[in-house]
Amino acid sequence: VTGDLLILQIVVPLLSAPICLLLRPIARYVAIAAGIATFAIAWAILGEVIASGAPLSYELGGFARQYGIEYRVDYANAFVILIVSAIGAIVLPAAPGMVDHQILPGREYLFFAAFLLCLAGLLGVAITGDAFNVFVFLEISSLSAYILISLGDGRRALLAAFSYLVMGTIGGTFVLIGIGFMYQLTGTLNMAELSVLLPSVQGERTALMAFAFLTVGIAIKLAVFPLHQWLPSAYAQAPTVVTAFLAATATKVAYYLLLRVTFTLFGATFAFGVLHLEALLLPVSLAAMFTGSIAAIYQTDLKRLLAYSSIAQIGYMTLGLSLVRVVDGTSGAALSGVDGLTGGIVHLFNHAVIKGGLFLLVLCIVERLRSTRIVDLRGLGRRMPITMGAFVIAGLSLVGVPGTAGFVSKWYLVLGALEQGSIVIAALILLSSLLALIYVWRIVEVAYFQVADGETATAAGTGWREARPSALIPACTLVAATVYFGLFTDLSVGMARRAAMWLMVGHI
Amino acid sequence: MRWLGHAPYFATIVLMMVGLYIVIARENLVKKMMGLNIFQVSVIMFYVAMGNVDGGTAPILVASEAVAVAEPVVASEAVAVAEPVVASEAVVVSEPAPESAGPAREGAESAVAADRDDARTTASPTPSVASGLRPAAGVVYSNPLPHVLMLTAIVVGVATTALGLSFIVRIYEDYGEVEEDAIAQAERSAEHVA
């Protein structure tokens, strides 16, 4: 039964996509139901993983894993699958409202089909234990993401989708080359077998090439600092519902893949002990944290501001990875930096919740204003008090104010930095958080302390109208979750720590 | 002449760089798309070269079905007599042929890979046993797995090209241009008007 859960996790969203095409009038309800079912399955899988304490495995078609494809779930990907499917289940109910006035009438079913394919692809990358299968699912999710982005308002969405397609394809092909080198070296594509075989041939130049192509390819998909140019346009031009979904899931899955390649496939002693991945990743992460935040401060468009903020937040996640070190212990080489990696993984979770919530709030604003320019937000604090109030809470979480989810991840990142004895990195984390405060404050200032054109001080407060509940309720759910996960960290930090331990030492 | 054995890999690198250069350097979106295609095709060449085995033939059963099922031991002889083509292949394979060795073999630098490839392709009667067939003795097959993987990659590549080109059609409808700088110019003037 547990194995069936693993395959259902993919089959439900994957098969719901063609069902959307067949049942056109009720496509939206099919999609919403599929999203909720997917989340329920992910929740059940997480429970199974915690209960059994060992990876769950499912061999497709009954072929042994040496010959066929294996799905394999341990603490790390159970956590990622949970957050991806949760975001899918929360964002999908908000989609119909947007679809009604943005997609050509009569074509909505295609939107939902593409959305479900994207969800299935992202979950597939996370769940599969087969290296080539990763590439296939990566391209399924990317291709459907290009389509979804191109559906945005206006012709610039097409340009953004096209340049994302070019960058994404280069990234995906790099991953494919890396997989080819791994296969050439070991003769297997199964990740569990690769993790045994690759360390024995890590001196080979082919192994270096495989690792280089895989990390660079994934870094493009993850939008790590110098490879991030596709992200702001894609997120700014896409329909807001799509942005909310992709910002909260696509880069998170890419980050998981980076962890999987680094720890499971090649092993941390190779990545950090031989290659010193941290020497490359640390400056790149810090650069992302600062350039992303500084660029966000100067944006005039709300979605573009949040997109640049995402680049900075991805910097925090990769920073967590770069805080892992190989140390010479009494019994051979050991790894240190569990706190930092926990911080990176828990930020994967927290940032998905925060950014998903923020972009859904943008959806509420767009529904009312038909604009995402920051100047148009003037006086909105009085006209949409719930939306803007929630925006302030989510924004504070982005900054990392205590009592919110953002604080928890930054706490662990600072702990990780101090564990490596670097007060400088800890100080830089705090400093970049102040930059986040600046761009969040810009929005708060415009919304609460400026008056809209044609709105006099006496008339202020009239015209109170929120967005429709189908958008507002999902948004507020995620904002409430950022507060919840700031106060109760059993699920988020508990799972992140288990995942970090599992990746680093192979047991809890 | 060892470098000659690497020829497919050199070709892969050249194609890859040509494709990547076109993607970066060309302003024309259609040409960019073509460059991306060349880039993807280079990877297909890489995989196919990787799957090649010295003197290996296409991974299709060489024994004829009727004979093989009846008397497996005699089968290979019978086939060899009946079909000279197969027989000659078998002979070629059984001879050690260092000079005429397949190109990709030398490219697979790791001994691990070579060993595993051999084990997989020569001594793997698994698929034929299932259907009651045995491969003719001495026939060496190329590794079929990279070919199968590339079928999938080709499908992905076709989908990407189709989607990219359809974006270009829509961009041309909206801007009347497929040159990047002209589109950027149109964007700037549109912004200026707004």
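This is a predicted model: local features need pLDDT of at least 70, side-chain atom pairs count only at pLDDT 80 or more; totals for chains, interfaces and linings use all residues.

Reader: How many helices and strands does chain A have?

Author: Helices (H or I, at least four residues) and strands (E, at least two) are DSSP runs, numbered from the N terminus. Chain A has 21 helices and four strands.

Reader: What radius of gyration does chain A have, and what would a compact globule have?

Author: The radius is taken over C-alpha atoms, and the globule rule is 2.2 Å times the number of residues to the power 0.38. For 508 residues the rule gives a value near 23 Å, and chain A agrees with 22 Å. Along the principal axes, its C-alpha atoms fill a box of roughly 75 × 55 × 40 Å.

Reader: Which share of chain A is buried?

Author: Buried means under 20% relative accessible area, exposed over 50%, and partly exposed in between (1.4 Å probe, protein chains only). Of the 508 residues in chain A, 64% are buried. As for contacts (heavy atoms within 4.5 Å), residues 24 or more positions apart account for 79% of those in chain A with a separation of 6 or more.

Reader: Where are residues with a positive phi found, given that they are not glycine?

Author: Most residues other than glycine have a negative phi. A:A223 has a positive phi of about 60 degrees and is found in the loop between α9 (205–222) and α10 (230–237) of chain A. A:H276, with phi near 55 degrees, lies in the loop between α12 (268–274) and α13 (277–297) of chain A.

Reader: Are these two residues buried or exposed?

Author: A:A223 is buried, with a relative accessible area of 0%, whereas A:H276 is partly exposed at 42%.

Reader: How many residues of α10(A) are buried, and what covers them?

Author: Seven of its eight residues are buried, among them A:W230, A:L231 and A:Y235. The cover includes α6 (131–150), α7 (156–186), α9, α11 (240–265) and α14 (302–322) of chain A.

Reader: How is an aromatic pair described?

Author: Such a pair is described by the distance of the centres and the angle of the planes. Rings of Phe, Tyr and Trp (its six-membered ring) pair if their centres lie within 6.5 Å; planes under 30 degrees apart count as stacked, over 60 as edge-to-face and the rest as tilted. The structure holds 26 such pairs over all chains. One of them joins A:Y235 and A:F359, edge-to-face, at 6.4 Å centre to centre and 90 degrees between the planes. A:Y235 lies in helix α10 and A:F359 in helix α15 (residues 338–369) of chain A, so the pair ties together parts that are 124 residues apart in sequence. Both A:Y235 and A:F359 are buried.

Reader: Which aromatic residues form one cluster?

Author: A:F174, A:F181, A:F213, B:Y9, B:F39, B:F46 and B:Y47 form one aromatic cluster.

Definitions and conventions. Residues are numbered from 1 along each chain as its sequence is written. Chains are lettered from A and ligands numbered from 1 in the order in which they are written. Side-chain values use heavy atoms; hydrogens and water are left out.
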